[in-house]
Structures are given as structure tokens and as C-alpha cells.
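Please look over the sequence and the structure shown here before reading on. The report is meant to be read beside them.

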Amino acid sequence: MEKILRYDHVDIAYNGFLAVKDVSFTVEPGEILGIVGESGCGKSTLIKAAMGLLGSAGMVTRGDIWYKDKNLPDLSPKELQKLNGRSLGMIFQSAGSSFCPIRTIEAQLYETMTEHEKTSKAEFLDRALELLDKLGFEDGKRVLGSYPFELSGGMQQRVGIAAAMLLNPSVLFADEPTSALDVSVQKQVVEEMLLVRKTFGTSIVLVAHNIGVIGAMADKVLVLKDGETVEYGQTQQVLTHPQADYTRALLSAVPRLRRA
């Protein structure tokens, strides 16, 4: 099967300091890859590199990041901007902080959509309400009319998923999307993301320090330590027969979530 995303021997540095070293993996259409490891191991850096979100201090210093036939580090900012949102989506760790507090959810989602395509307000509302309905919101009109602070943390995170899916990207990056939530809301967000894959056939790259969340969602898992690959393979194989002491330590330290 064709790989929709491929990292080939990628090094990433910040101000000359190597934060990610020789990491390779692939993602197929509709597949979920989990990236797990302790804080500071390079998980978020890996996915931010694909979307050009490393900031002025960060850069890919070696290797390639392929989205279909495009090598993302070789693209100009303008070319990458066209892909971000439409082809590559991102759910941030705390969706609430990524929304403007003084504008409604509707205004912000509409702006996101019109950045990439010409659409009427009516067409936007039809699409947004349909998406919110598919993601389990029974009161989509109220959500759209709300300001971010009027929504709970779990609702903000779910709206963040909707915002990332508005243009139906092929690949969705999720940067610790459940870490700021309590256990019951974590389960809800996990279920929403699995619904996104089922409904839209989206490939998901999920970053988490909680290997239980990875076990509940991912088809494959990449275990990182100090910016380097410790283990990589099918989730069931890695979690039931870990080869590295570091993976075994992660498994013993973190409670599991069962797959639905």
C-alpha cells in the first residue's frame, strides 16, 4: 500500500543542538501511528517539523519528510501554507489556548476555511454543523455561537478536532490531545479521534507520553528516548513483547486504556 507519510533518517536541530536523531517511519492511508516517550524526547518536534512549525531556531538538518510525492522540508513557506489545513491538520495539546478568546468559534472556523477556499457563509455553516454532528455534538449551533471560555476543556478539545478536520486533511497530527483532560474526558476524545479515522479515512499521527492512550488507538507505535528510536512496530507486538528496557519501564509506569 502507498505510504501517505514517510520520514527517512530525519535529524532535527534547535540552534545547532540535535534534538531528533535518525528517525524513520511510515504511515499508510487510514493508519494511526502513536509516538510515545517521556517529556523532552522529541515527540512534538517530529510532527511540528512536517508542518513547518519548528520556529526560527529549529530546522531539519538531515533526511526527508515525504507527504505523498512532496518532500516537506524542501517546500517554500507559501507552498507549505497551502498544504497546512487542507492536507495536513493539527490538534494542539490545549485547544483552548489556540483559539482567540474574544471571537466566537464560528468566526474562527469560518476564517480558517476561507483561507484555503472560496465559500459562502451558508456553505460553511452547512459543513461545520454536519461535522460537529458527526463528532457527537447535539447542539452545533450553540457551540458555533460560543466563545472558547464558554466551553468546557473537553468541549474545547473536541472543537479543536473539528477545526482540524474542517478541510478534511489526509493526515491529522495530534500533539498530546488528552494530556490536560481528566480520565473520563480523555476516553471521549480518544473515541472522537477514532471516529474521525472511521468516518473520513484520515491517517493520524498521535503524540503522547501516556502509552495507555497509544495502546487504545494506534496501529503502530514508535518509542522515542532522547530523540532516538528505541522501538518501532505493530502496537500489539511492541506492547505485549517489548524488546527494550525503556519500553518495559514505560509499560510498567503507565495505566492502560482498553480499546473500545
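What follows describes a predicted model, taking the overall fold, the nonpolar cores and one lysine in turn.

## Overall fold

The secondary structure of the protein chain comes to eleven helices and ten strands. Its radius of gyration is 18 Å, close to the 18 Å that the globule rule gives for 260 residues, so the chain is as compact as a globular protein of that length. Along its principal axes, the C-alpha trace spans about 55 × 40 × 35 Å, and among contacts between residues at least 6 apart in sequence, 68% join residues at least 24 apart.

## Surface and charge

Of the 260 residues, 51% count as buried. The chain exposes about 12,200 Å², of which carbon and sulfur atoms supply 50%, while the mean positions of its 28 positive and 32 negative charges lie 2 Å apart.

## Nonpolar cores

The largest nonpolar core has 47 residues, and those with the most contacts inside it are I161, M193 and L206. Helix 7, residues 153-165, gives the most to this core, with seven residues. Apart from its neighbours within four places in sequence, I161 is in contact with I91, L135, V189, E192, M193 and V196.

A second, separate core has 32 residues, including I12, L33, I35 and F173.

## A buried lysine

K220 is found in strand 9, which covers residues 220-225. With a relative accessible area of 8%, K220 falls under the 20% cut-off and is therefore buried. Leaving aside neighbours within four places in sequence, the contacts of K220 are T26, E31, I32, L33 and G34, together with Y232, G233, Q234 and T235.

Note on methods. Residues numbered from 1 in each chain as written. Predicted model: local features only at pLDDT ≥ 70, side-chain atom pairs only at ≥ 80, totals over all residues. Heavy atoms only, no water. Core = buried A, V, L, I, M, F, W, Y, C linked by side-chain atoms within 4.5 Å. Buried < 20%, exposed > 50% of the residue type's maximum accessible area, 1.4 Å probe, protein only. Helix = DSSP H or I, 4+ residues; strand = E, 2+ residues; numbered from the N terminus. Contact = heavy atoms within 4.5 Å. Rg over C-alpha atoms; globule rule 2.2 N^0.38 Å. Areas by Shrake-Rupley, 256 points an atom, 1.4 Å probe, with all protein chains shown as cover. Lys, Arg positive; Asp, Glu negative; His and termini not counted. Charge placed at Lys NZ, Arg CZ, Asp CG, Glu CD.
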